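Subject: Structure handover

Hello,

Here is the structure you are taking over.

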Amino acid sequence: MKIETVDFFYLSMPEVTTEGDGSQDALLVRVSAGGLVGWGECEASPLVSIAAYVTPMSHGACRPVRASVEGREVTGPVDIEAIGREIAWNSMDLLQAPHTWSGVEMALWDLIGKARGEPVWRLLGYSRAAKKLPYASVLFGDTPQETLGAAKAIRASNYRAAKFGWGPIGRGSVRDDADQFAAAREGLGADGMLLIDAGQIWGDDVEAAAARLPYLEAVKASWFEEPFHGSAYEAYAALAARSGSVKLAGGEAAHNVFMARHTIDYGKVGFIQIDCGRIGGIGPAKAVADYASRRGVTYVNHTFTSHLALSASLQPYAGLADHLICEYPASPKALAREIAANPLLRDAEGEIVIPDRPGLGIDVDVNAIAKYLVDVRIEAKGETLFSSPRLL
């Protein structure tokens with residue numbers, strides 16, 4: 001099959017705020033080849049990612065992503081990997097390239113799965129897909145009382161695990177944060193898995209993060225996610241040496257396999273979180289899952305947007321039964337909720353089954369998302385480089 005068209009669709013809520021909620025906009029990718037269509041999703045600024053696909057060449061190592069994609073033959077995973085390697089070389093100075101390629105790469109896996117009548121996880125070499133235990137991924141409330149209410153609602157919704165992140169954490173006193181942690185634990189109950197995400201708030205300040213450890217241990221938090229900048233490996237390692245029963249989690253900032261490996265080897269995390277919409281897609285994420293498994297580190301997806309992205313993010317570790325938990329966007333914006341016509345719903349045990357359908361197993365509801373489309377036109381040197389394609 002020859003790649004015929006690669007279309008980008010910038011979607012946005014009517015109002016985008018400064019809250020740490022990545023579901024306020026989205027960039028979907030539609031790839032056509034051989035009479036079939038595959039869908040993917042970039043986890044990045046939509047406009048910048050489109051620009052990385054169409055930008056004029058600056059020099060031989062700063063070419064647009066499309067120069068390595070369009071017109072290529074794709075019949076299997078080897079072809080997707082080959083395109084990824086070419087982009088890494090041709091666009092090495094285009095720092096947005098991995099984000100843009102991630103969505104295209106997902107769509108190619110979806111397309112090849114449909115062509116072969118196989119789910120992506122089987123194309124990755126797994127004989128079966130294990131059920132995953134979703135943790136409700138939400139933001140801390142502005143007050144402990146709001147967090148308590150959110151945690152109670154999560155518990156009442158049959159979630160056995162929850163992650164609270166961002167919000168006011170790290171912006172006030174240690175006592176303020178301790179009260180938030182305690183509220184999350186109280187609402188979730190004594191037996192619920194509690195995960196805490198600091199959103200890189202302390203940069204590389206080990207002492208500031210370490211001051212929270214006693215309170216995280218007191219509420220029996222399973223992990224402490226992203227206390228530092230994604231590449232502050234020395235800070236991660238220093239905190240990991242002091243974190244006791246609370247393991248560190250990180251890796252969503254990894255834009256390639258090497259960064260993810262460094263987070264494991266030098267950052268000493270206990271959980272490696274990979275976003276398929278950032279790292280270069282499903283193939284590189286699978287490489288990290290394999291590496292983590294060999295190193296005794298638990299692999300977890302990073303997904304805070306749609307169920308298209310969720311399905312893609314589960315494929316790389318679908319067959320790793322011991323890597324049980326998965327991030328599950330519990331309260332995304334309407335835009336993200338409406339992308340998938342067949343979302344991955346939890347069963348009676350509160351777990352999710354990874355689709356056993358061709359490709360990613362997700363049907364994009366183009367009629368539902370049409371109202372969120374942002375019309376885009378990019379021009380340079382008197383030439384139209386991009387104009388929004390037809391969705392319907």
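**The cavity**

The residues that line the largest cavity are E41, C42, E43, M106, D275, C276, G277, H302, T303, T305, A309 and S313. Please keep in mind that this is a predicted model. By class, this lining is made up of four nonpolar, five polar and three charged residues. Two elements, β3 (36–42) and α12 (307–314), each contribute at least two residues to the lining. The space inside the largest cavity comes to about 60 Å³. As for the count, the structure has one cavity of 30 Å³ or more.

**The helix pair**

The other item concerns helix α5 (residues 144–156) and helix α6 (residues 174–188), which pack with their axes 7 Å apart and at an angle of about 25 degrees. Angles under 35 degrees count as roughly parallel, so α5 is roughly parallel to α6. The crossing in which α5 passes α6 is right-handed.

Which residues make the contact? On the α5 side they are P144, T147, L148, A151, K152, I154 and R155. On the α6 side they are D179, Q180, A183, A184, E186, G187 and L188. Sorted by class, the residues of the contact of α5 with α6 are seven nonpolar, three polar and four charged.

Regards

Note on methods: Residues are numbered from 1 along each chain as its sequence is written. This is a predicted model: local features need pLDDT of at least 70, side-chain atom pairs count only at pLDDT 80 or more; totals for chains, interfaces and linings use all residues. Side-chain values use heavy atoms; hydrogens and water are left out. On a 1 Å grid over the protein atoms alone, a cavity is a set of points where a 1.4 Å probe fits but cannot get out, and a pocket is an open set with protein on both sides within 12 Å along at least five of seven lines; lining residues have an atom within 4 Å of a point. Grid points are joined across faces, edges and corners, and a volume is the space filled by probe spheres set on the points. Helices (H or I, at least four residues) and strands (E, at least two) are DSSP runs, numbered from the N terminus. Ala, Val, Leu, Ile, Met, Phe, Trp, Tyr, Cys and Pro count as nonpolar, Asp, Glu, Lys and Arg as charged, and the others, Gly among them, as polar. Axes are lines fitted to C-alpha atoms, for helices over the stretch in contact, and angles run from 0 to 180 degrees between N-to-C directions. Angles under 35 degrees count as roughly parallel, over 145 as roughly antiparallel, 65 to 115 as roughly perpendicular and the rest as oblique. A crossing is left-handed if the near helix is turned anticlockwise from the far one by less than a right angle, and right-handed if clockwise. Contact means heavy atoms within 4.5 Å.
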